[in-house]
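The following explanation is meant to be read with the sequence and the coordinates at hand.

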Amino acid sequence: MFDAVLENLPYLLGGFLTNVKLAVFALAGGLFLGTLVGLGRISKRPWVYYPVTLYVNFLRNIPLILVIFWFYFVMPILVGKNLDPFVSAAVSFIVFEATYFGEIFRAGFQSISKDLVSAAYSTGLNFRQTATYILVPIAFRRMLPSMITQSIITFQDTSLAYVIGLAEMVRRTTIVDSIEVRSIQLYSFVAILFFIICFIGSRISLHYEEKSRKAKVL
Amino acid sequence: MLSYKFDWGVLWRQPYGEWLLQGLWLTIQIGALAWVIALSLGILFGTLRSVRFLPLRILGSVYVEVFRNIPFLVQLFFWFYAGPMLFGKTLQFKINALSGLNYYVAIVALGLYTASRVGEHVRAGFASIGHGQYEAVLSTGMTPVQMYWHVMIPHALRLIIPPLTTEFLTIFKNSAVAMTIGVAETTFMSYKIDEQTFHGLEATTGAMAIYLVLGMTVVKLMDFIEARFRIPGLMTR
């Protein structure tokens, strides 16, 4: 039943590893840049707030596939030589996902009530202590479910690097399919593999969501 | 820095400017038609997830989980390449010979995928309606089907207009993935211009502007719908 899959298993799984690697780079970079974007979105300085807001609203209105293309065209001009599709894809994912993580970060921060901060100050904590012991832990707990969900979406999105010829799993599946012509089992296999990982991820996200609902921290 | 001569003329010079507009027209078609499928199936499966009868609830949940946890690109390729094979050898060749098959597959696949996301919002809408309303409606003598059709679904839909706006915006963005099976929508056209002129940067930038304008138009349209169907007495954004 899965004969064509089994014969090409190492090749296909090698592609899957590329998806995982791309997701790791995208998440590491996206979370880092996303934190900066989130800070920019809650900044009171207009020269920080407006450019960052423009960046976020601009990219959130554009298909990721087009962003991948755009970076694929613009990177050689900036760097001066043709780049590996993996690098180009990683850069586009980081820049794109950072806008989504930035909005999650902003929402988490803004969900904390001013009274809580005032209460922390009134116990004699200074700003740094308030941030370390009150703001960051609570905001993090509230952001965690959305962050996991967004990470799953990022992982699914890595398949779109297909369009610039990156040899990730979907690209490799189309190559195998063009030789073996076993579309049903090959595409089912890719679908099942993605489903298992993403389903587990969505359960973990749900778990933390219920947990924070039960905890009822202010 | 590589020396690169910008040529923004590719955005309006014949035939390239026209290509982009043709692409936009296809993007609108695919997004709008897929939205019809997504909304009807999304309401159906979202409602199933909130009924009392367990098998129906499981059916709704399975649909949503399956279609939400598989990348859209994989789903699209499955329906396009493996889909016709599911009908057996003789029908398969007839289906593959259809002209514009990729266009129809893109609409259906995008509709099925987005339905899972709409279904999730519909369920959340039902969850936010108080339990008392179910009992109140049933006590007027309505059957459960009448209750859902006349009261619950309209109520839930009006509650979830904001997240549905986001989904409606997303469906136009996701329609760009249809380029991978050769549907000549906006992104496909910008790539085609690159193949002909090697000015992909200008072409994709132009396509970005098109998506931006399209997105802003959709937001305006949904603002109007939201104002029209707002439930009086509830907090506004």
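In chain B, the axes of helix α1 (residues 16-48) and helix α8 (residues 161-174) come within 9 Å and cross at roughly 130°. An angle over 145 degrees would count as roughly antiparallel, and one of 65 to 115 as roughly perpendicular; α1(B) and α8(B) are therefore oblique to each other. The crossing of α1(B) past α8(B) is right-handed. On the side of α1(B), the residues that meet the partner helix are T27(B), G31(B), A34(B), W35(B) and A38(B), and α8(B) contributes F168(B), I171(B) and F172(B). This contact comprises 6 nonpolar and 2 polar residues, with no charged residue. An α-helix has 3.6 residues a turn, so residues three or four places apart point the same way.

The model under discussion is a predicted one, and its two chains, A and B, meet in a contact that takes 31 residues from chain B and 30 residues from chain A. On the side of chain B that touches chain A, the elements giving two or more residues are α2 (54-68), α3 (72-82), α9 (186-197) and α10 (200-229). Of these, α10(B) gives the most, with 9 residues. By class, this side of chain B has 22 nonpolar, 7 polar and 2 charged residues.

Y211(B) is found in helix α10 of chain B. Is Y211(B) buried or exposed? A residue counts as buried if 20 or more other C-beta atoms lie within 10 Å of its own; because Y211(B) has 21 C-beta neighbours inside 10 Å, it counts as buried. Leaving aside residues up to four places away in sequence, Y211(B) touches N61(A), I62(A), P63(A) and L66(A) in chain A, and K173(B) and T186(B) in chain B. The C-alpha atom of Y211(B) is separated by 11 Å from that of L20(B), which is 191 residues away along the chain.

The contact between Y211(B) and L66(A) can also be followed from the other chain. Beyond its neighbours within four places in sequence, L66(A) is in contact with A176(B), T187(B), T204(B), A207(B), M208(B) and Y211(B). The largest nonpolar core has 116 residues, and L66(A), I68(A) and A106(B) touch the most other members.

Helix α3(B), another contributor to the contact with chain A, is largely enclosed by the rest of the structure, because 10 of its 11 residues are buried. Among these buried residues are F72(B), Q75(B), W79(B) and Y81(B). Their cover includes α8 (169-180) and α9 (183-215) of chain A, together with α5 and α8 of chain B.

Within α5(B), which spans residues 101-127, lies Y113(B). Y113(B) is buried because 23 other C-beta atoms lie within 10 Å. Not counting residues up to four places away in sequence, Y113(B) touches F67(B), F72(B) and Q75(B). Its C-alpha atom is separated by 9.7 Å from that of I37(B), 76 residues apart along the chain.

Chain A, finally, may be considered as a whole. It has 9 helices and 0 strands, and its C-alpha trace spans about 70 × 45 × 25 Å along the principal axes. Of its 218 residues, 39% count as buried. Among contacts in chain A between residues at least 6 apart in sequence, 77% join residues at least 24 apart.

How values were computed: Residues are numbered from 1 along each chain as its sequence is written. Chains are lettered from A and ligands numbered from 1 in the order in which they are written. This is a predicted model: local features need pLDDT of at least 70, side-chain atom pairs count only at pLDDT 80 or more; totals for chains, interfaces and linings use all residues. Two residues are in contact if their C-beta atoms, placed from the backbone, lie within 7 Å. Helices (H or I, at least four residues) and strands (E, at least two) are DSSP runs, numbered from the N terminus. Ala, Val, Leu, Ile, Met, Phe, Trp, Tyr, Cys and Pro count as nonpolar, Asp, Glu, Lys and Arg as charged, and the others, Gly among them, as polar. A residue is buried if 20 or more other C-beta atoms lie within 10 Å of its own, exposed if 12 or fewer, and partly exposed in between; C-beta atoms are placed from the backbone. A nonpolar core is a set of buried Ala, Val, Leu, Ile, Met, Phe, Trp, Tyr and Cys residues joined through C-beta atoms within 7 Å. Axes are lines fitted to C-alpha atoms, for helices over the stretch in contact, and angles run from 0 to 180 degrees between N-to-C directions. Angles under 35 degrees count as roughly parallel, over 145 as roughly antiparallel, 65 to 115 as roughly perpendicular and the rest as oblique. A crossing is left-handed if the near helix is turned anticlockwise from the far one by less than a right angle, and right-handed if clockwise.
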